[in-house]
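Let's take a walk through this structure together.

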Amino acid sequence: MLRCNYRGGWTEAAYKKAQKNHSKVERSGRTVRQGSSEVEKQKQPVGRQSGNQRPLSKPQAKKPKAKIPTRNWLASVYITETETKAFHLQTEEPIFQKNSSAGLAYIECRPYCATYPSKFETCISSANGMAPAQAGYAPDLSAFLKSLKVQSLEKSIENLISLFKRRQIKNSRSCAIATAHLLRQVVAKSKWSDLGKLLERIQQVGQRLMEAQPREMVVGNIVRRVLGMIREEAKEDRNEEFSDSGSNSQKASPRREPSDLSLSKAGAVPPIGTFSPLRFESNIGPDATFESSSNDDIFGKNSRPPLITSHASYAVLNGVPVQQSMFNLLSTNSSPSSTPVAASPVGKSAPSSAAISHRISTATLDLKAEIMNGIEEIIDELLQVDEQIAAYAQEHIHSNEIILTHSSSGSVQKFLLKAAEKRKFTVIVAESYPNDHEATHAAVTGKTSQDEKSVDEMSVGTFMKPLAAAGITVVLMTDATIFAIMSRVNKVILATHAVIANGGLIAAAGARIIARAAKVHKTPVIVVSGIYKLSPDYPFEFESLIEYGDPGSVIGYDDGPLVDKLEVDNPLFDYVPPDLVDLYITNLGAHAPSYLYRIVADHYKPEDINFHKPELQF
Amino acid sequence: MPASDPPSAAEPAESTVGQEPSNANDTHKDAAKEAPKLSGAELKKQAKAEKAARRAQALADKPSGGTASPGQPSPISKGGEGAKGAKTQQKRTPATNVETRNLPVRGASQTTPLPQIPAKEDKTVEFFRHLYKPRRTTLTGAAKEVHPAVQALGLQMSSYTICGSCARLVATLQAFKRVIESYTTPPGNTLTRHLTSHVLSPQIEYLASCRPLSISMGNAIRWLKLEISKVDIYLPDAEAKKGLCEAIDVFIRERVTFADAVIAKSTASKIKDGDVILTYAKSSLVQKAIVQAFEEGKKFRVIVVDSRPLHEGKHLARSLAELGIEVKYCLINGLSHNIKDATKVLLGAHAMMSNGRLFSRVGTALVAMEANGADKPVIVLCETIKFTERVALDSIVHNEIAPADELVIPGGNLAAWRDVKKLQLCNPMYDVTPAEYLQMIVTESGNVPPTSVPVLHRLGNENQ
């Protein structure tokens, strides 16, 4: 079979290599993010030879199967088991895909989606039992957002998971918007009586989304943002309550209820008096080494103990004299426990049950509205982020510069367009063949790609005009010419896929050589990125963040005999280390790469950083 | 810039053509011996140019199928050419102008239709503008003196059928051998005086119009001219021709065939079991070295990095894979991922500059840079025929710009790029790799560091 031999053919050697990776995952336990928890659960790679003769698993005919064209080189098998371990053909490392209810597991099949969108549509609709979507084009962000209104929550979640898995939503901004909308639905539709339940529910959904596309860090970021926002709301809410019942609170017993929530686990153990820097460090978890190393300035200033719930820190922050017992009381309250009372102190001398229930209902209603508002704010931020970033453009670009950019990105394009309002300059676009070149060419010639369009439809309808139409000279060149022309380039502006907390970034493949060539020529490298792309994750092994794409775009299938003998790889992303970047421009302003960790600390609550990896929380 | 071009072209072509000799003059100024002669020839040239312009006018009136690339509004004169073109022109005696005028005439006929499309935009990239040259892809308009073998070769070169510095060099010399074989000295002339200027020059000019001559070709042509000039004027034609053909054969054998064998052997000895060899695009030398090492029974892997638009690496990967070598293929976007696995980087060369820099297929500098960043040794395989006394600091001063349309993917979004205002495509062929990225240059006269390039070049020239 042509397609199995494609990447090293899944021969013995390749399998051994994969096994090696597999054990590496187990050893490090957390380098590969996709569900390392499942590694322990399932040692047997089920779908190892899926590309070869044996299908991933017997299609069990419970769900209607889609007819799969044989040309597709990636086996795509629908199975009904709840948990399946699939093998990631392209990265040669196992990924574990967990699919709880509908049972739709498959190996990544982007090329397939690209070729047969309409068939895929039917697959999704039949597998998920959703109403058949508009036939004829692949489901994308706008289709998903439309379906969100009519579908049940669980179906929407499943739908989004499958969209993520199939990379039908793959632009990081689209992913973020989809995630935020879905979480809003979760808050709106699911029944929750207290914040603990809600947080738990969101964590659960977030975890599933992240597992669907482990390398799309934006999904995790949005989930964390929402979690943090809910905590914030709870804190404020409770503070009001606290001032109401302040007199009673002195009596509160330091009772804590064992919580099912992973985040409260840590908080539950020590009384606040025993809080120590050591403890603090272990709480943050090894993933956030940068933070623990600098915990003084992150948390020292507002003296917010990270694992004590935000309520406590709020009290401290506001200079409320915190007594030991009161502190405990507060943290008990805010720790989302099974206590139904979100607001009233637990140990309070029993008020009438009617009063409590009344209070609960009003508080929940208020909270719900506030949380929805909060998510709306996040969505608004996502929609406006490019404009906000573009506002800084004129500070950074002056006349007659030659600016090199890579691939196609809405953010960079808007940035340059904004600068073009005042100044004339030249833009050199490296096309990033073979993955984004179509989009780049489209952007350069003024045909917006499908993905961009869907996002733009949602925003205020700003149709992006090509750079050339704004009076800028645009020069399209291949990636290989970068070094040759770098001596004439004044600035390099890169778009990014995700930014990690050490100041490095994940960007379209080829970005690293651009950044390095710029470094060699002492040309400043500017990275344009929304804050939402800034992830608190800080993996040691950056290779695990790199996604590999369809080798068919490197060597086409028409080269049959060649394809059989070669190993071909096609990374989609590059890791660019922070020392190659000079400046980040975000919607909050311009920052040095070394400052990013601080912004991370501002945007994510430490207890949320590892929410998807319970084993990393203590 | 773009605005100023059409008016000048709108004038009768005389002015543009008229400027041309003086343009050529500028580039020739360094040639001191030419200086007095030129001033005398100036008037003559002027007259010829006017005549040519008149002829051009007549040609333009006819509906001529413009073979020119549409993006070249400015008349690309021979004078704008780099030193190589100038070199070949230098040897020309004024008497040959009649033939060589043909080319500017062609150029003029291309430019005359321009005023009819006034809004035609200059699609050349500003900082590469001095490098643009139209590339001949058909035989129409070729000088009648061009030998059929050379005609065929020129087309093969412009279509990249014969690609690569050495391949072009060998093919050129073979073709010139046939030119010499079919040459008979006209009565009243001697071979030494007549062959170079009247017969070889048009051939060279034609080849250069198909694709700019490679540096090694320039070296070889200079050598050939020297050989011709050394022929005894009293020697009978047949013997002289035989002698020249033999000399060409010896030259090819010594400077290319044997040199390649020596370099391949020497490089193969550097490949060890377990090595991972990374290479970029396709170099026949690298291929020979890898095949040699493989035939010696060494076990190693090869990573071929490639790039658009030529995808030369694919041919290399194919031929290596067919031999049974374990080959991995990726495009330049996968470079930084694959460089970690490599143990050695082997690069081919288009030329070695005298300041130790490597002039090679565009993208080579990136590979060397990444290899340097990952602390992998970079070894350049290069025959001494590719050494040049020229220097380069960046890739912009001297380069070759291939037609931009090569970048267009059929059916892609770029198909109508010429209609998009202010959009330019640029497709340079070469880049210059800094000497500090290169650890070793393997030549037939030994393995040297990049700093020794001028020394070797001088030694090679002294031997001649």
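The contact between the two chains of this predicted model draws on 45 residues of chain A and 44 residues of chain B. On the chain A side, several elements supply at least two residues each, among them helix 20 (437–445), helix 22 (482–486), helix 23 (511–520) and helix 24 (560–565). Strands take part too: strand 5 (473–477) and strand 11 (567–568) of chain A also supply at least two residues each. What is the make-up of the side of chain A that touches chain B, in nonpolar, polar and charged residues? Its residues comprise 25 nonpolar, ten polar and ten charged.

Stay with strand 11 of chain A for a moment. Two bridges link strand 11 of chain A to strand 3 (residues 326–331) of chain B, and the pairing is parallel. To find it on screen, look for A:Glu567, whose bridge partner in strand 3 of chain B is B:Lys328.

Now move on to a sheet in chain B. Three strands of chain B make up an open sheet, in the order 5-6-9, with antiparallel pairing. Strand 5 and strand 9 of chain B are the edge strands, each pairing on one side only. Helix 15 (residues 364–373) of chain B packs on this sheet, where it touches strand 6 and strand 9 of chain B, and its direction makes about 30 degrees with that of strand 9 of chain B.

The pairings can be followed strand by strand. Strand 5 (residues 351–352) and strand 6 (residues 358–361) of chain B are joined by two bridges, with B:Phe359 in strand 6 as the bridge partner of B:Ala351. These two strands form a hairpin with five residues between them, and B:Gly356 in the turn has a positive phi of about 85 degrees. Strand 6 of chain B also pairs with strand 9 (residues 430–433) of chain B, antiparallel and over four bridges. Here B:Leu358 has B:Thr433 as its bridge partner, while B:Ser360 stands opposite B:Asp431.

Finally, turn back to chain A for a pair of helices. Helix 7 (residues 172–189) and helix 8 (residues 195–212) of chain A pack at an angle of about 145 degrees, their axes 10 Å apart, and the crossing is right-handed. Helix 7 of chain A brings A:Thr179, A:Leu183, A:Val186 and A:Val187 to meet residues of helix 8 of chain A including A:Leu198, A:Arg201 and A:Ile202. By class, the residues of this contact are seven nonpolar, one polar and one charged.

Notes:
Residues are numbered from 1 along each chain as its sequence is written. Chains are lettered from A and ligands numbered from 1 in the order in which they are written. This is a predicted model: local features need pLDDT of at least 70, side-chain atom pairs count only at pLDDT 80 or more; totals for chains, interfaces and linings use all residues. Two strands pair if DSSP finds at least two bridges between them. Two residues are in contact if their C-beta atoms, placed from the backbone, lie within 7 Å. Axes are lines fitted to C-alpha atoms, for helices over the stretch in contact, and angles run from 0 to 180 degrees between N-to-C directions. Ala, Val, Leu, Ile, Met, Phe, Trp, Tyr, Cys and Pro count as nonpolar, Asp, Glu, Lys and Arg as charged, and the others, Gly among them, as polar. A crossing is left-handed if the near helix is turned anticlockwise from the far one by less than a right angle, and right-handed if clockwise.
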